[in-house]
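Subject: Structure for you to look at

Hello,

Here is the structure I promised to pass on. Please open it and keep it beside you while you read my notes below.

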Amino acid sequence: MIEFKNVSKVYEDGTKAVDDISLTINEGEFVVLIGTSGSGKTTTMRMINRMIDSTSGEISIDGTNIKDENAVELRRRIGYVIQQTGLMPHMTVYENIVMVPKLLKWEKEKMRETAERLLDRVDMGTEFLDRYPQELSGGQQQRIGVIRALAANQDIILMDEPFGALDPITRDALQELVKHLQEEMGRTVVFVTHDMDEALKLADKIAIMSEGKIIQYDTPDNILANPANEFVESFLGEDRLQQRSTMQTVDQVMVKKPITVTQDTTLGDAIRVMRDNRVDTLFVTDSDYVLQGVVDFEAINKNRQKAMTVQEIMKYVYYVKSGTLLSSVADKMLKRGYKNIPVVNEDGILEGLVTRASLVDIVYDTIWGDDEEVESIPLEKTELKETE
Amino acid sequence: MVEFFNNYGSQMMRLIWEHLYISMVALGLGVVVAVPLGILLTRTEKLATGFIGVASILQTIPSLALLALMIPIFGIGRFPAIIALFIYSLLPILRNTYTGMRKVNPDLVDAARGMGMTEFQLIKKVELPQAAPVIMAGIRLSGTYVIAWAALASYIGAGGLGDFIFNGLNLYIPELIIGGTIPVTILALLVDFVLGQVEKKVTPRNQITE
């Protein structure tokens, strides 16, 4: 885990490159720092391996302040990929891949084996080992750049606009590859870019930066759904925001605080709750508000003469976790004919309810919602003839 | 021609040896001092302009004057001549080392440092190999200069092929002047050729075509 606590970088001439940021990057996360040039994203990244030292605040990796560590040793356990590949032109592909293992004085066989294995992972044959970087295409060069950062089993990898200089097709392929490698190997990646498409494609979490500050730090879905401010909106751009209805999550449309009863409520009390709230279904939770099941009016009606609690007659219920994309929920509701689906958080606590009415709202919004040109048609009313 | 070699042949061999000896010791000292100094200057930018400025000024002193200046300090003979030639060899090597090191692609330096090379490893494994062609060009230049100027060293009693040239001048024997000049030229070309081979050797394979 990488933790930034109130970290700032102020240069001698007074410019604040990074201004009091706090950020937590969990193990195995793919975090993208995005911003315009001068937003402090690269500085933030380079502070992690101490290529730039922070002027105040604390950066720790797995609880250890990085300033207590030798900078050279720290860098050897953090992978580093830069845009212009930084491959050594006077070294062969093999020598480039095993640069860090060599600094760490690995044995020859182990280095050879690692280089061959990694080369295979990026679909390049061992015949490349003895070539020089200039003999490779740009895409191949950056593949080597990427596996060089993995060669010493670094669990953190820093990437500074690694695909910025590549053509779109090559870039696409390398993005796939990096995402794939990261997921498979479970490495933590901190990735700097100014390309929002790239960020949305790769990131588990995106930190949007401007003028040295983090404006918003969240998952791509959440950022698209709830841009923190106008700056983020403009950064995302119109097109992406237009698409967001398909990106919407259940949290945004659900009815909050649906009517519930606890398991030990008597049927008599339950029917009173139904009447008071004008509903025909009640969700049953335990005392901690954890969803247990559902009771409906028919079930209560059948058993109304008996002295029972709702626990004895409740039925199981399908639910979704908060954060689920609305599109997949809508699909289930429409195909399976559910009237509604409860939404629970990670602890199983009931948070809300997606109803068919919520779906209607969405459909209405997509069709008419943002279109200001539709004039409201004046409604005509029937004229009632006066009766004498 | 045959007569010339009969009269002066053995003497010439001795003078060639002396000439080569003075020049190569001076050049060797120059390399030993100027290359590390040039590297050091890339680490202390503030000192760099000052040092290179001083070296440039030393370079402008007329060679004969510099040799003459050595006499009150070091007397006459080989030693002062070597010192004077050494001073001359400094600037091209120093300047080329400095610019060669600075010209190394900053991305390579950044990548090497970012991957955890120490400053020494960075110089040895990245900067020096990358700067080698430029540094060698400086050494070659100094090499030919030093051979040529070593001819003047005989003026302060250091020997070398300059003896032939000065004697030829004083006694008006053109054969001697030519017999001194041609070997100097050949020596200079030879040294340049040898250093060229060294340059090829230390230049990373992929950069030769550059």
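B:F193 lies in helix 8 of chain B, residues 174–202 (helices, H or I, of at least four residues, and strands, E, of at least two, are DSSP runs numbered from the N terminus). The model is predicted: local features need pLDDT of at least 70, side-chain atom pairs count only at pLDDT 80 or more, and totals for chains, interfaces and linings use all residues. Residues are numbered from 1 along each chain as its sequence is written, chains are lettered from A and ligands numbered from 1 in the order in which they are written, and side-chain values use heavy atoms, leaving out hydrogens and water.

Is B:F193 buried or exposed? B:F193 counts as exposed, because its relative accessibility is 53% (buried means under 20% relative accessible area, exposed over 50%, partly exposed in between, with a 1.4 Å probe and protein chains only).

Now the inside. The largest nonpolar core has 140 residues (buried Ala, Val, Leu, Ile, Met, Phe, Trp, Tyr and Cys, joined through side-chain atoms within 4.5 Å). A:I2, A:F4, A:I97 and A:I144 touch the most other members. Helix 4 of chain B, residues 78–102, gives the largest share, 14 residues. A second, separate core of 14 residues includes A:Y338 and A:L359.

Next, the chains together. In chain B, 19 residues are in contact with 23 residues of chain A (heavy atoms within 4.5 Å). The two chains bury about 1900 Å² between them, 63% of it on carbon and sulfur atoms (accessible area, 1.4 Å probe, that two parts lose on being put together, summed over both). There is 1 salt bridge between chain B and chain A (a side-chain nitrogen of Lys or Arg within 4 Å of a carboxyl oxygen of Asp or Glu). B:D110 and A:R46 meet in a salt bridge at 2.9 Å, N to O.

Finally, a network. Salt bridges link B:R43, B:R113, B:E119 and B:E127. B:E119 meets B:R43 at 3.0 Å. B:E119 is in helix 6 and B:R43 in helix 1, so the pair ties together parts 76 residues apart in sequence. B:E119 also meets B:R113, at 2.8 Å.

Best wishes
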